Amino acid sequence: MRALALALLLSLTVVSAASSAPQKPDVIYVPTPQSVVDAMLDMAKVAPGDILYDLGSGDGRIPITAAKRFGVRSVGIEIDAALVRQASREARRQRVDQLASFRKADLFATDLSEATVVTLYLLDTVNLRLRPKLLSELKPGVRVVSHAFHMGDWTPDEVREVDGNMIYMWTIPSH
Ligand SMILES: C[S@@+](CC[C@H](N)C(=O)[O-])C[C@H]1O[C@@H](n2cnc3c(N)ncnc32)[C@H](O)[C@@H]1O
């Protein structure tokens, strides 16, 4: 009886440890240079009324820049809780926390349907896994901009090189 109770206790401990373990990021954190951030927002033609989602938002520089430059609402989705705290602090420091918000979440499990602009700095392989979700959840006309990484055989509408960094822009077609 004691052995059974011990086994049960051990299995509960393992389950709770697994569920509280931080989820592994699909990509490590590397910030986009500010000149590239500015060019990404220009390529997306961000304008008042847009809602920008940065998937894997790191220190929050893309949503914060969008809020500061264009006064748009922006959302950063980030799996690393420390980076979410850092980005939220920076948005408060730059007085755009009414517009730029940050959520600790897995980008693959996030509802993207309200976004009108989506920014990415992930990996080719992650972009390809994300592509069906972008195409099914985003409305026609939404702009998707990716720093460095493409989307396989989905031809971009525009490609730019800024300070040696490639930037790709696609528009969601009608469904
Ligand atoms: C290369 S960094 C880009 C940061 C920022 N977007 C920029 O361009 O400066 C990628 C970010 O994605 C985050 N990330 C990786 N996998 C993720 C996932 N499944 N869901 C949400 N964030 C993720 C990482 O923690 C990291 O901060």
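Good morning. The shell around the ligand has 12 nonpolar, five polar and six charged residues. In this classification Ala, Val, Leu, Ile, Met, Phe, Trp, Tyr, Cys and Pro count as nonpolar, Asp, Glu, Lys and Arg as charged, and the others, Gly among them, as polar. The model is a predicted one: local features need pLDDT of at least 70, side-chain atom pairs count only at pLDDT 80 or more, and totals for chains, interfaces and linings use all residues. Residues are numbered from 1 along each chain as its sequence is written.

Which residues of the shell are closest to the ligand? They are Pro25, Thr32, Gly56, Gly58 and Tyr121, and the ligand is surrounded by 23 residues in total. A residue is near a molecule if its C-beta atom, placed from the backbone, lies within 6 Å of it. Helix H3 (61–70) and strand S2 (73–78) are the elements that give two or more residues to this shell.

I turn to the fold. The chain contains five helices and seven strands, where helices (H or I, at least four residues) and strands (E, at least two) are DSSP runs, numbered from the N terminus. From the N terminus on, their order is α-α-β-α-β-α-β-β-α-β-β-β.

The seven strands form an open sheet with mixed pairing, in the order S3-S2-S1-S4-S5-S7-S6; two strands pair if DSSP finds at least two bridges between them. Strand S3 (100–104) and strand S6 (158–162) are the edges, each pairing on one side only. Neighbouring strands are turned by 20° against each other on average, direction ignored. Within the sheet, S4 and strand S5 (residues 143–147) pair in the parallel sense over four bridges, and Leu120 stands opposite Ser146 in S5.

Which strands does H3 lie across? They are strand S1 (51–55), S2, S3 and S4, and H3 runs at about 175° to S2. Helix H4 (residues 81–93) also packs on the sheet, touching S2 and S3, and its direction makes about 170° with that of S3. For these angles, axes are lines fitted to C-alpha atoms, for helices over the stretch in contact, and angles run from 0 to 180 degrees between N-to-C directions.

Next, the interior. Of the 175 residues in the chain, 35% are buried; a residue is buried if 20 or more other C-beta atoms lie within 10 Å of its own, exposed if 12 or fewer, and partly exposed in between, with C-beta atoms placed from the backbone. The largest nonpolar core has 43 residues, and those with the most contacts inside it are Met40, Ala44, Val46, Ala66, Val118 and Ile167. Such a core is a set of buried Ala, Val, Leu, Ile, Met, Phe, Trp, Tyr and Cys residues joined through C-beta atoms within 7 Å. Helix H2 (residues 34–43) gives the largest share of this core, six residues.

The buried residues of H2 are Val36, Val37, Ala39, Met40, Leu41 and Met43. Their cover includes H3, S4, S5, S6 and strand S7 (165–171). Leaving out residues up to four places away in sequence, Ala66 touches Leu41, Val46, Leu52, Val72 and Ser74; contact requires C-beta atoms, placed from the backbone, within 7 Å.

Finally, is Leu123 buried or partly exposed? Leu123 is partly exposed, because 15 other C-beta atoms lie within 10 Å. This residue lies in the loop between strand S4 (117–120) and helix H5 (124–137). Beyond its neighbours within four places in sequence, Leu123 is in contact with Val27 and Phe149.

Notes. Contact = placed C-beta atoms within 7 Å.
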